[in-house]
Number of protein chains: 2
Amino acid sequence: MHIADRMDAIQPFHVMALLARARALESAGRSIVHMEIGEPDFITPQPVIDAGLAALAAGITHYTPATGLPQLRERIAGFYQSRYGVSVAAERIVITPGASAALQLIMAMLVNPGERVLMADPGYPCNRNFVYLLNGEPVGIPVDAGSAYQPTARQVEQYWDDATVALLVASPSNPTGTVLDTETLRGYHAVTSRHAGALVVDEIYHGLTYEHQAETALSIADDVTVVNSFSKYFGMTGWRLGWLVVRDEFVAGIDKLAQNLFLAAPTVAQHAALAAFGDENIAILEARRAAFRERRDLLLPALRDLGFDIPVTPDGAFYLYAGCSRFTDDSYRFSMDLLEQAGVAITPGLDFGHYRPEAHVRFAYTTSLENLEEGINRLAAFVNRI
Amino acid sequence: MHIADRMDAIQPFHVMALLARARALESAGRSIVHMEIGEPDFITPQPVIDAGLAALAAGITHYTPATGLPQLRERIAGFYQSRYGVSVAAERIVITPGASAALQLIMAMLVNPGERVLMADPGYPCNRNFVYLLNGEPVGIPVDAGSAYQPTARQVEQYWDDATVALLVASPSNPTGTVLDTETLRGYHAVTSRHAGALVVDEIYHGLTYEHQAETALSIADDVTVVNSFSKYFGMTGWRLGWLVVRDEFVAGIDKLAQNLFLAAPTVAQHAALAAFGDENIAILEARRAAFRERRDLLLPALRDLGFDIPVTPDGAFYLYAGCSRFTDDSYRFSMDLLEQAGVAITPGLDFGHYRPEAHVRFAYTTSLENLEEGINRLAAFVNRI
């Protein structure tokens with residue numbers, strides 16, 4: 001039985017075992033507070049659902065072009081103009097089946113076997129695996145509070161070698177929630193340009209920022225690649241819809257890859273997303289953003305009070321990445337014990353990389369204030385017993 | 001500007017240039033008969049649309065598990081039992097975002113860089129490119145009418161070498177419409193088993209057969225991989241939903257890959273597909289199958305009368321793969337001239353492989369009898385002028 005070597009490199013999400021245990025406990029009647037889930041608890045806003053219903057009722061069920069509905073590409077270009085004041089030609093925007101597909105497309109375009117992609121450690125677990133898929137080598141740059149859990153341009157320069165072809169960063173970051181400022185992005189771009197490499201910026205948590213609006217990396221240069229999604233800010237996870245913005249010279253190649261790998265993104269999702277940028281929908285999304293901020297502002301001081309180490313205030317996404325060294329030197333064990341003994345599910349650091357995962361856990365505030373309060377109470381009782 | 005080497009190997013669909021020209025002609029007011037489109041002209045049957053509407057109206061918009069809705073996996077297992085009399089455990093069935101994702105998952109599981117996958121030439125163009133994505137080497141086995149455009153087990157044995165890891169076949173085949181019988185499948189399985197390789201059978205056109213029902217390759221052994229789709233027989237192209245059936249030992253690996261590469265298939269599509277196996281829906285699909293057969297039975301003799309060479313009666317899918325040597329030694333030129341001069345769009349052989357593409361064209365009967373009659377008349381006038 002022959003299996004490809006990459007199957008050893010690609011790891012399942014470790015949180016899955018914890019999730020399975022949480023479900024088993026719930027089936028047995030236990031109450032579990034979920035602070036491990038990387039998906040908004042809100043369902044898709046009604047204006048988008050209504051647009052999806054209308055498309056289905058009209059029998060719009062055939063394929064779209066591989067690069068997506070032209071009017072949706074235009075709508076996204078308009079959003080870059082109105083929200084960020086940045087002009088992006090619709091032709092550079094490719095609609096994808098989720099940001100997952102967007103990440104895969106750009107990595108397939110860039111990475112030969114043996115070539116390296118730099119990324120933050122901790123970071124989004126799938127990023128490594130998109131590189132392993134292509135037999136490339138993901139290289140984690142260890143990041144900590146000193147640089148707000150983002151690589152510095154100096155680190156990028158240090159880690160860049162002849163086999164390196166790209167830097168992949170995320171703003172806001174999963175799991176740390178920190179946002180890149182324009183100066184840092186410009187620093188990255190200077191390094192990648194010097195080496196004729198690519199700068200790829202994951203902006204899938206854009207919109208979910210609580211201090212000030214993040215700037216898109218598209219504002220700094222035309223050759224930056226940006227990945228975005230309708231899943232998080234727009235609340236459309238299950239629709240599987242994202243997009244990719246690439247330089248002009250990449251469009252034909254990305255189109256050709258998308259034709260072959262995916263054919264097209266789901267049609268009803270694309271028609272539904274046409275309603276995502278309307279005033280009524282944006283008002284709903286902004287109310288949700290306020291709700292997420294309220295949750296963060298409850299959870300963050302409570303965790304700090306309990307003794308979790310969160311030295312940088314996360315200003316985006318819906319995650320808090322917390323040092324747990326006061327309680328444990330094994331965050332996986334800690335998370336499993338917390339689940340078993342206190343009925344609180346969180347994500348151990350292990351899924352996010354190799355840099356001190358045993359000393360960190362991730363809390364997601366994708367549940368109600370009431371649930372968060374209950375979770376905090378359970379957590380307090382649990383750590384006070386340690 | 002660094003680009004991965006695979007981008008040279010992966011070709012866009014050549015028919016896209018022809019399609020773009022067809023659209024330009026239509027925009028200028030010309031009537032075009034479309035016999036190039038690999039998608040049923042029917043919209044999704046109403047019972048499935050209704051199930052999708054109900055799911056959306058109920059606000060079911062979150063992610064499903066990476067392997068798909070458990071009840072849909074059960075439903076598909078039930079379909080294998082009722083339609084084919086084959087027991088397949090639901091756990092071996094993984095729901096995917098289209099058959100494209102299913103093909104990608106199994107190739108990623110099997111193929112290291114430099115390793116080879118055997119496939120029929122002519123065949124589905126993306127198959128080569130799933131292998132190129134992984135820096136593997138797709139090896140086309142030239143097939144012709146003598147073996148009903150399918151490889152013989154003897155050929156598979158001849159082409160197998162130390163670097164070969166899998167045989168990928170399709171039944172019914174695109175572009176040739178021919179179906180594999182059980183004996184041939186058993187012959188393949190004997191060869192792949194002897195070499196500890198994998199047999200992967202694309203059954204996405206299953207259900208669309210006109211002589212007798214095709215048997216699933218799952219009936220011959222538990223270690224065969226089968227790719228299937230809701231797109232063709234079930235008429236759900238734009239929903240992007242397919243499935244993969246693998247041996248028990250592969251399930252955990254496929255799950256891990258699916259988590260990382262796709263997260264999950266579209267949620268509304270999965271809920272809609274739950275209605276795909278109901279009696280009312282199957283009755284609609286069977287009526288459509290009868291319509292496809294009627295179209296084939298109009299088009300096939302008409303093309304033969306005009307002088308196209310179709311030595312094997314295609315008994316499935318909705319394609320006729322026709323030799324055009326009586327008219328041309330350049331099927332691409334022939335197709336472009338046919339479009340320009342007669343307003344009929346067909347697909348030149350070029351997209352399907354390297355074995356005599358210049359001598360073949362593909363006709364799709366994904367349009368009404370009236371359109372096919374008009375197309376035949378235009379085609380007759382065109383070839384009579386040659």
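Tutor: Two strands pair if DSSP finds at least two bridges between them, and strands (E, at least two residues) and helices (H or I, at least four) are DSSP runs numbered from the N terminus. This is a predicted model, in which local features need pLDDT of at least 70, side-chain atom pairs count only at pLDDT 80 or more, and totals for chains, interfaces and linings use all residues. Residues are numbered from 1 along each chain as its sequence is written, while chains are lettered from A and ligands numbered from 1 in the order in which they are written.

Student: OK, how many bridges join β11(B) and β12(B), and in which sense do they pair?

Tutor: β11(B) and β12(B) (residues 360-364) pair in the antiparallel sense over 2 bridges, with B:P348 standing opposite B:V361. They belong to an open antiparallel sheet of 3 strands in chain B, in the order β9-β12-β11.

Student: And which are the edge strands there?

Tutor: The edge strands are β9 (319-323) and β11 (347-348) of chain B, each of which pairs on one side only.

Student: Switching topic: how many residues does the contact take from each chain?

Tutor: The contact takes 59 residues from chain A and 59 residues from chain B, two residues being in contact if their C-beta atoms, placed from the backbone, lie within 7 Å.
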